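Keep the viewer open as you read.

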Amino acid sequence: MKQLESIEQYKEIIQGDQQTILLFSATWCPDCRVIEPFLPELEETYTNVQFYYVDRDEFIDLCADLSVFGIPSFVAFKNGEETGRFVSKDRKTRDEIESFIQGLS
């Protein structure tokens, strides 16, 4: 999974015409570690989606701007518009994450 490196990169990738999903996470987050093993499989399955890992601690202002207050959380963009979000403080299952991805426009 690609890692978000800067706010400038964020502004650029959300403008693309491909569905882009930002995964907000942190190294210290136990619920984030639970989903890590199957993330590569999701990337292989959903080749029409770009996935970016966003370190919550490094991009705390972006989290606040996007109202991401719990992790792991997912926010999707396409053509500069938010197309969906799966944001909560709860642990996410593989089925819930796949349902979210499949429901994106």
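## The cysteines

Cys-29 is buried, with a relative accessible area of 4%. Keep in mind that this is a predicted model, so every value here is computed from predicted coordinates. Cys-32 also counts as buried, at 2% relative accessibility. These two are partners: a disulfide joins Cys-29 to Cys-32, with the sulfurs 2.4 Å apart. The link is right-handed, with 80° about the S-S bond. As a reminder, a disulfide is a covalent bond between the sulfur atoms of two cysteines.

Searching the whole structure turns up one disulfide.

## A salt bridge across the sequence

The structure holds six salt bridges. Take Arg-91 and Asp-31 to begin with: their closest N and O atoms are 2.8 Å apart. Arg-91 lies in the loop between strand S5 (81–86) and helix H5 (94–102), while Asp-31 is in helix H2 (residues 30–35), so this pair ties together parts that are 60 residues apart in sequence.

Are the two ends buried or partly exposed? Arg-91 is partly exposed, with a relative accessible area of 48%. Asp-31, on the other hand, counts as buried at 18%. The general idea behind such pairs is simple: side chains of opposite charge can pair when their charged atoms come close.

## Other charged pairs

Arg-56 and Asp-57 also meet through their side chains, in a salt bridge with an N to O distance of 2.5 Å. Here Arg-56 is partly exposed, with 26% relative accessible area, and Asp-57 counts as partly exposed at 38%.

Over in helix H5, Arg-94 and Glu-98 are four residues apart, so about one helical turn separates them. They form a salt bridge, with the closest N and O atoms 3.1 Å apart. Arg-94 counts as partly exposed at 27% relative accessibility, whereas Glu-98 counts as buried at 17%. Which residues are linked with Arg-94 in a network of salt bridges? The network takes in Glu-41 and Glu-98 along with Arg-94.

## Ser-73 and its surroundings

Last up is a serine. Ser-73 is found in strand S4 (residues 73–78), and at 0% relative accessibility it counts as buried. Where does its side chain reach? The side chain of Ser-73 gets to the backbone oxygen of Gly-70, at 2.5 Å.

Leaving out residues up to four places away in sequence, Ser-73 touches Leu-22, Leu-23, Phe-24, Val-68, Phe-86, Val-87, Ser-88 and Lys-92.

Methods: Residues are numbered from 1 along each chain as its sequence is written. This is a predicted model: local features need pLDDT of at least 70, side-chain atom pairs count only at pLDDT 80 or more; totals for chains, interfaces and linings use all residues. Side-chain values use heavy atoms; hydrogens and water are left out. A disulfide is a pair of cysteine sulfur atoms within 2.5 Å. Buried means under 20% relative accessible area, exposed over 50%, partly exposed in between (1.4 Å probe, protein chains only). A salt bridge is a side-chain nitrogen of Lys or Arg within 4 Å of a carboxyl oxygen of Asp or Glu. Helices (H or I, at least four residues) and strands (E, at least two) are DSSP runs, numbered from the N terminus. A polar contact is a pair of N or O atoms within 3.5 Å; within protein, one must be able to donate a hydrogen and the other to accept it, and residues adjacent in sequence count only if both atoms are side-chain atoms. Contact means heavy atoms within 4.5 Å.
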